[in-house]
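Look at the sequence and the 3D view together.

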Amino acid sequence: MIDPKKNYDFIKGEIMLFDKDRTWTSFDLVRRVRNTLCKQMGIKKLKVGHAGTLDPLATGLMILCTGKATKKIEQLQIGEKEYIATLKMGATTPSFDMETEEDDTFDTSHVTEKLITEKIELFLGTIDQVPPVFSAVKVDGKRAYEYARKGEEVKMRVKQVHIRTIELLEYNLPYLKLKIVCGKGTYVRSLARDLGEALDCGAYLTELKRTKIGKYSIENAITIKYFLDNLDLFVTN
């Protein structure tokens with residue numbers, strides 16, 4: 001939520017909430033905001049960072065911190081995340097989302113709403129999860145996706161993540177819509193893959209929107225278009 005009466009001090013530090021567009025990387029957003037502010041303020045450098053990456057195909061809440069507020073990033077990242085995820089059942093992709101084409105299909109005739117709710121229970125609490133190979137996780141000094149996009153094999157390490165709740169919002173096979181509340185480091189794409197395996201029908205992510213990070217909500221976020229169209233609300237010359 002933007003307060004038109006507020007005097008923003010981006011060097012002293014501001015916390016800004018953005019609704020990231022689809023296909024933008026997290027760094028794209030950071031770079032555009034930083035470059036725009038530097039140009040508008042007539043300065044050469046400004047610290048800008050984000051409190052939690054979103055995949056390019058995901059949309060939703062990103063917290064950007066400027067100036068001295070970047071010191072708060074680590075604390076902000078600890079907060080629980082809430083996501084709205086749409087999964088397609090009966091097929092898989094190498095990236096566990098729509099970045100890559102379907103590589104296999106499976107029968108879904110045995111899948112019922114009751115079976116889905118039963119299998120969801122397996123993923124609540126602290127669980128072991130393998131991150132996607134198409135991810136920014138570092139392996140031997142390189143991002144995993146750098147190996148994956150070259151067709152090179154890469155071994156991803158299992159890590160523990162915490163999922164507090166998974167709510168089935170819509171059931172319309174082959175699609176499911178879930179609301180997920182989870183801790184730092186959880187890959188919803190991996191959850192989609194693992195749920196598909198548990199259901200013995202495969203699954204991958206078709207849409208993902210982050211709606212909350214800790215106490216911050218998407219309802220109070222702005223788009224990059226709004227920011228660029230209303231710079232006078234943020235920087236006064």
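Start with strand β2 (residues 48-50), which is joined to β3 by 3 bridges, the two strands running antiparallel. This is a predicted model.

Strand β1 (residues 15-20) runs antiparallel to β3, and 6 bridges join them. Here I15 stands opposite C65 of β3. Strand β12 (residues 203-213) is parallel to β3 and is joined to it by 2 bridges. In that pairing, T59 is opposite K209 in β12.

Is strand β3 mostly covered or mostly uncovered? Strand β3 spans residues 59-66 and is mostly covered, with 8 of its 8 residues buried. In a regular strand, side chains alternate between the two faces of the sheet.

Now turn to the nonpolar interior. In soluble globular proteins, nonpolar side chains tend to be buried together. The largest nonpolar core of this model contains 47 residues, and F18, I180 and F227 have the most contacts inside it. Helix α1 (residues 26-41) supplies the largest share of this core, 5 residues.

Which residues does I180 touch, leaving aside its neighbours within four places in sequence? I180 is in contact with K81, E82, Y83, A85, I163, T165, I166, V188 and L191. There is also a second, separate core, made up of 12 residues, with A51, A69, I213 and I218 among them.

Conventions. Residues numbered from 1 in each chain as written. Predicted model: local features only at pLDDT ≥ 70, side-chain atom pairs only at ≥ 80, totals over all residues. Heavy atoms only, no water. Core = buried A, V, L, I, M, F, W, Y, C linked by side-chain atoms within 4.5 Å. Buried < 20%, exposed > 50% of the residue type's maximum accessible area, 1.4 Å probe, protein only. Helix = DSSP H or I, 4+ residues; strand = E, 2+ residues; numbered from the N terminus. Contact = heavy atoms within 4.5 Å. Pairing = 2+ DSSP bridges.
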